[in-house]
Amino acid sequence: MPDMKDEILRHLAYSVGKDPEHAQTRDWRMALSFAIRDRVVDSWFAATRRTYEAGAKRVYYLSMEFLIGRLLEDGIVNLRLLDDVRGACLALGIDYDTVVHDEPDAALGNGGLGRLAACFLESLSTIGCPAYGYGIRYEHGLFRQSIVEGRQIEAPETWLEEPHAWEFERPEVRYRIGFGGVVAETGQQAVWSPAEAVEAQAFDTPVVGWQGRWANTLRLWSGKAVSAFDLDRFNRGEYAGAAEPEAAARTLSRVLYPDDTTEQGKELRLKQEYFFTAASLADILRRFDSEHGDIRALPAKVAIQLNDTHPAIAGPELVRLLHDVRGLSFAEAVETARAMLNYTNHTLLPEALEAWPESLMGRLLPRHLELIDRIDALHAKENPTRKVSARSDGQVRMGELSFIMAQRVNGVSALHTELMKTTVFAELHRLHAERIVNQTNGVTPRRWVLNANPRLSALITDTIGDGWVDDLEQLQGLEPHVDDPSFLDAYAEAKRANKAELADHLSEHLGLQLHPDWMFDVQIKRMHEYKRQHLNILEAIALWQAIRETPDADWTPRVKLFAGKAAPGYFFAKDIIRLINDVAHVVNADPKTRHLLQIAFLPNYNVSLAERLIPAADLSEQISTAGKEASGTGNMKFALNGALTIGTLDGANVEIRDRVGADNFFLFGMTADEVVERRKVKDHAAQAIAADPRLARAIAAIADGVFSPGEPKRFAHIAENISGPDYFLVSSDFSDYWRAQREVDAAYAEPAHWMRMAALNTARSGWFSSDRTIHGYMDEVWNAVSVL
């Protein structure tokens, strides 16, 4: 195998066009990336050849998001080249950490949905299951978040301003995608003639698994104009107009989740969803045709997973391709499509299950609206007692459509799956009792322990060997060591070093002065009312007030760290961010309390920031209203890295608590059933406030402008929400949350006891590997096998 130093120098010269004397950090990073990519490509080509030779079934994972983060260090670690690369960097006189951290995060996602998809792709490659991920190559991602005077400010991500070292452009792989137009009936067939069209062009990124034994493909679509430039208009002096087709096509792949509070935003979102889904299905059928003859054999060779409702249009689009284009009867087309399609539900919030106005669907996708009606009518005929429809009240309901067109529908935690059966899909479950299955989420240990936490990884490997990296349940072997003082000392030393590293980073970038001996209390997730960041900051206000009253009491020093993005049109969530920052401004400046309590909101949360925060966290805030969080994966990452959870019985928290033990989990709050009953109580929030003076005083501080003296009523609406309707039961859960937090304080005050609890979380969380999850999908959903 070529020497790593020589390979870096070769690429520096011939791929980047620089010599060592004039190379900048970016140049070295690109050269190293190309050198690592060469090794990945070898695995990628070999895996592709083996898949074709075996005639293997492929899995196709369709997702609006793939939050892959940085790929350079991921590739180095999975290929087990870390020592070689560090040695080469040392020999070349460049700093390894500076080079790998120069890589921008790929702006291809926002939260758990996208990170789950990325973990799944890596696990599919580690296991050796042939697979493609399909999504959109967003030029500007969701947005780059900055905080100005406490407020979230959105700017476009710029990750593609320089070449992306890991992707291969495929100009020959282009599909025409139509919108609008008319449908003409010709005998038994319908012909859709779109009024406008764009082209979807493929960009491929290889995703390598552990030890480089297999690599799968992430194929992302970029919007291109059918005719990119109108020379005639240009020559008439219409210079801007000449480029309009290109600008319109690129709009489809510019931004993730454009604000849909406007009609234009809704139209763009639906166009994006059809654009990437239609291109992906066309690509799947092309690949099938290259190997097989009988279209009826598709289900034996193709499994398609819809990651939430964003690709739900896949059902009618597959039926259109099989019926209108390939000539299958309508019933056979529906049956064949359903045998390939599977749907993962990620929400119990009815409002989050996408629904499109019939008028919009009919205008953009007229043939698909007709097919949805026929699919729905066929389902009604087959299930005459049904009480739900895929189209009702002027809306096309994508959750119901996904369920009707799926062979399997899965939840992502045990609780979530059971609640699906009794809430959002109760009627469809009654009709199809076998269709819903559970596949509890997991995370890849290569990214989230081995790479993100090298100190802990080294300790684990020194203690039980390195087999845990692709068999995470081997972490159980740590449990006999948790009562060994030398092991716990080493565990505590790794945690403290991670905290010191994070403290240095926050000092450099935010000016925060934190002591590693403080408790690092972390809540990092998408901003949403059901995730209850406002409960967390409300408790912080109450704690600050209590410390001010009795500053000499035995308080446990802690820093509360928040991070997450609010959707541009979600103004309440954006105001929660501003409240957190305004509270931090007051609390951090208070000479009476700042040695005991600090608060910080960290801007532009992404994978790389998570990789800094999670290994350093002591306390993981998983405090959603019970019955609202589908699963969560951050909770798993924290537990694996030795952060104790304070949380409700929601999502995968239930399974985490079952596995790590109730004594190693700080439980509070109502259950999902109790939440339902509590909402029936008139004035439930007022009753909770009346019963707890701490809560009343904290809410009053928000309402009275203590944290916004220049604008006293700035957060009055938040105080009113918590005091009034309080749908997410912040007030009703506050007192028990306060109790649990004081239990956290007491436990943290006993360092040996705390570290034993933390180590048990690591030892008992091995079940939460995405490898285990993927094996479950392969066996129970896709009927797919490894080709390794």
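## Aromatic pairs

Y60, Y132, Y134, Y175 and W221 are linked into a cluster by ring pairs; rings of Phe, Tyr and Trp (its six-membered ring) pair if their centres lie within 6.5 Å, with planes under 30 degrees apart called stacked, over 60 edge-to-face and the rest tilted. This is a predicted model, where local features need pLDDT of at least 70 and side-chain atom pairs count only at pLDDT 80 or more, while totals for chains, interfaces and linings use all residues. Residues are numbered from 1 along each chain as its sequence is written, and side-chain values use heavy atoms, leaving out hydrogens and water.

Searching the whole structure turns up 24 aromatic pairs. One of them, F120 with Y777, is edge-to-face, at 5.6 Å centre to centre and 70° between the planes. F120 sits in helix α6 (residues 112-127) and Y777 in helix α33 (residues 770-782), so this pair ties together parts that are 657 residues apart in sequence. Helices here are DSSP runs (H or I, at least four residues), as are strands (E, at least two), numbered from the N terminus.

## Charges over rings

What sits over the ring of W448? That's the charged end of K637, 4.3 Å from the ring centre. Likewise, R679 puts its charged end over the ring of Y727, 3.8 Å from the centre. The test is NZ of Lys or CZ of Arg within 6 Å of the ring centre and within 35 degrees of the ring normal.
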